[in-house]
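Here is a short briefing on one structure.

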Amino acid sequence: MKILHTSDWHLGQRLLQMDRHEEFRLALDWLYSVIEKEEIEVLLVAGDIFDIGNPPNQARQLYYRFLRRLLGSTCRHIVITGGNHDSPAMLNAPRELLESFNIHVIGAATDNIEEELLVLKNDKGAPELVVAAVPFLRDRDLRITKVGEEQQSRQARLQEGLQQHYQTLADLAQPYADQGLPIIAMGH
């Protein structure tokens, strides 16, 4: 199984007043050609798909056209997580529709952390890869900040929360590891 990991597309970003739409289109065309040439089966995109929470329509069109184009390629699974520049609500809005095309989107930390552990299956329905798809974790996702807390203490608690989040996913993935399935953890 061939896997390609990428991140930080920042679609919709402007350089000063310059529109970079054509650059982004060419970059996604290049990425598509790599996926086809290398016969990539799983594409992992670890956050910052867009540059701002409410990206321009041109950026959204590039994103959806690219995903649609992948449906006819060698890429059987796509896993996308939200980054600190992304709007979790915007990424998650078409989540259920995209899942029907084996495009898995985790825009923000979920209430049920088990939803961040994706079991990707082959065409016969057998598990072939497990992905711990961790989006950018905000303070509110980890629920650790205390009112009036000093920066140093807050930072230490944030680090603990991040470690605990990943450890919980590692524990949830252990039975799959025991079965010999490959496991990948991705985060932003």
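A charge sits over a ring if NZ of Lys or CZ of Arg is within 6 Å of the ring centre and within 35 degrees of the ring normal. R69 lies over the face of Y32, 3.9 Å from the ring centre. The model is predicted: local features need pLDDT of at least 70, side-chain atom pairs count only at pLDDT 80 or more, and totals for chains, interfaces and linings use all residues. Residues are numbered from 1 along each chain as its sequence is written, and side-chain values use heavy atoms, leaving out hydrogens and water.

**Aromatic rings**

- The structure holds 3 aromatic pairs (Phe, Tyr and Trp rings, for Trp the six-membered one, with centres within 6.5 Å; planes under 30 degrees apart are stacked, over 60 edge-to-face, the rest tilted).
- W9 and F66 pair edge-to-face, because their planes stand at 90°, with ring centres 5.5 Å apart.
- This pair links distant parts of the chain, 57 residues apart: W9 is in the loop between β1 (3-6) and β2 (14-15), F66 in helix α2 (residues 57-70).
- Strands (E, at least two residues) and helices (H or I, at least four) are DSSP runs, numbered from the N terminus.
- W9 is buried at 11% relative accessible area, and F66 is buried at 3%.
- Buried means under 20% relative accessible area, with a 1.4 Å probe and protein chains only; exposed is over 50%, partly exposed in between.
- F50, Y63 and Y64 form one aromatic cluster.

**Helix α6**

- Helix α6 (residues 151-178) has 28 residues.
- Its first and last C-alpha lie 40 Å apart, close to the 40 Å expected at 1.5 Å a residue (1.5 Å times one less than the number of residues).
- A kink of about 35° lies at L172, shortly before the proline P175; the bend is the angle between axes fitted to the seven residues ending there and the seven starting there.
- L158, G161, H165, L169 and A173 of α6 are buried.
- Just after α6, G180 takes a positive phi of about 90°.
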